Amino acid sequence: MPDWSELKKIVDAHQTFVLTCHVRPDADALGSELALACLLQDLGKDVRIANPSNAPNTLEFLNNDELVSVLGQGIKSEEVLSADVHIILDTSAWSQLQGVGEVFRKTDAVKVVIDHHVSSDDLDAHDFKDTSAEATGALIYRFAKECGLPVSEKAAFYMFCAIATDTGWFRFPSVSSQTYRDIAEMIDLGVKPHLVYGELYERSSLARHHLSGRILQRITTIEKGLVSWTWVAREDFRETGAKPVDTEDLVNECLRVEGTKVAFIAVEQENGQVKFSFRARLGSNVAIIAEQFGGGGHTLAAGAMLPGPLEKAKQQVLEAVIKSVAEQEGLSASNPA
Ligand SMILES: [Mn+2]
């Protein structure tokens with residue numbers, strides 16, 4: 001468990017803060033940044049958010065106050081370098097930070113990492129990590145609670161969005177009774193779950209549904225049904241009008257096939273690289289597969305980016321998955337069903 005009083009000491013001793021998260025920020029990354037920004041602003045601190053890349057349009061509703069900037073667009077390196085404290089949220093991996101990582105290496109600021117990922121580099125920072133936490137947003141809430149910081153309705157909204165998405169709407173194994181108690185307190189603070197659900201899950205485009213149809217049709221099971229996987233090519237995006245971000249969460253559809261323990265999706269990017277997302281049921285570990293390809297994540301959810309072409313990347317990952325599952329399940333890798 002992180003010692004939150006140590007983070008409070010750092011906060012109390014400084015005035016200007018820059019918050020950062022991983023590339024292609026998700027709702028936990030953005031929600032954590034925005035929630036922490038609210039807490040710090042309520043303490044009279046100056047806060048900027050400098051991310052390595054833009055958030056998807058689907059998460060625009062999180063950035064109503066336009067607090068979120070991208071390094072080199074809304075905020076310059078010099079502004080980040082001059083802050084007293086630089087806080088990285090929802091990642092501990094250099095590869096996830098891109099240009100922001102370069103600034104983080106250079107800065108004389110006090111460096112802080114708040115994260116719940118298993119995969120991690122030594123970022124030479126004060127670590128506030130809890131790999132059992134359901135979301136980084138949950139860690140921000142526990143920091144506030146433990147240090148007696150007031151949580152505004154807006155901060156609670158950001159935390160709720162962070163936890164809701166990283167737990168698949170409160171259903172993943174990381175969820176505990178404490179999660180529900182925290183969530184209940186956020187609802188008491190004014191968060192409306194049905195409105196959040198609508199923003200997150202009921203704004204799908206028709207193009208996304210058409211893309212989903214193709215991806216579901218291609219789901220294949222191997223290794224006696226223990227592995228389910230699917231893929232999507234650049235042509236699919238062109239032909240359906242959907243965007244790469246529209247594939248988010250579709251890997252979970254593979255995990256819904258009965259008997260599946262490990263699932264993955266291969267998504268060919270516009271630049272020819274292939275993004276892999278892995279999911280596992282409790283008891284399996286996909287972080288070790290993602291790490292073989294320079295990626296990382298949690299035991300139950302991980303990702304990696306491979307160079308193209310799509311067919312080659314698929315084969316490489318398939319081999320690694322079959323080997324890993326065979327090892328984890330005690331099957332013979334040379335005899336796939
Ligand atoms: Mn997270």
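**A guided reading of the helices and the manganese site**

Guide: Helix 2 and helix 5 cross in a left-handed manner. The model is predicted, so local features are given only at pLDDT of at least 70, side-chain atom pairs only at pLDDT 80 or more, and totals for chains, interfaces and linings over all residues. Residue numbers run from 1 along each chain as its sequence is written, and side-chain values rest on heavy atoms, without hydrogens or water.

Visitor: What makes a crossing such as that of helix 2 and helix 5 left-handed?

Guide: The near helix must be turned anticlockwise from the far one by less than a right angle; clockwise would be right-handed. The helices themselves (H or I, at least four residues) and the strands (E, at least two) are DSSP runs numbered from the N terminus.

Visitor: Why is helix 2 called roughly parallel to helix 5?

Guide: Their axes, which come within 8 Å, cross at roughly 20 degrees. Axes are lines fitted to C-alpha atoms, for helices over the stretch in contact, and angles run from 0 to 180 degrees between N-to-C directions. Angles under 35 degrees count as roughly parallel, over 145 as roughly antiparallel, 65 to 115 as roughly perpendicular and the rest as oblique. Helix 2 is therefore roughly parallel to helix 5.

Visitor: Which residues make the contact between helix 2 and helix 5?

Guide: With contact meaning heavy atoms within 4.5 Å, helix 2 contributes Asp 28, Ser 32, Ala 35, Leu 36 and Leu 39, while helix 5 contributes Thr 136, Gly 137, Ile 140, Phe 143 and Ala 144. Six of these residues are nonpolar, three polar and one charged. Here Ala, Val, Leu, Ile, Met, Phe, Trp, Tyr, Cys and Pro count as nonpolar, Asp, Glu, Lys and Arg as charged, and the others, Gly among them, as polar.

Visitor: How do you know that helix 5 is mostly covered?

Guide: Nine of its eleven residues are buried, including Leu 139, Tyr 141 and Arg 142. Buried means under 20% relative accessible area, exposed over 50%, and partly exposed in between (1.4 Å probe, protein chains only).

Visitor: What makes Asp 28 a donor of the manganese ion?

Guide: Donors are N, O and S atoms within 2.8 Å of the metal (3.2 Å for Na, K and Ca), and sites may look incomplete because water is not among the atoms. Asp 28 (OD), Asp 90 (OD), His 116 (NE2) and Asp 166 (OD) lie 2.1 to 2.3 Å from the ion. Asp 28 in helix 2 and Asp 166 in helix 6 link distant parts of the chain, 138 residues apart. Both Asp 28 and Asp 166 are buried.

Visitor: How do helix 6 and helix 7 pack, and which residues meet?

Guide: Their axes are 9 Å apart at an angle of about 145 degrees, and the crossing is left-handed. Ala 156, Met 159, Phe 160 and Ile 163 in helix 6 meet Thr 179, Ile 183, Met 186 and Ile 187 in helix 7. The contact has seven nonpolar residues, one polar and no charged.
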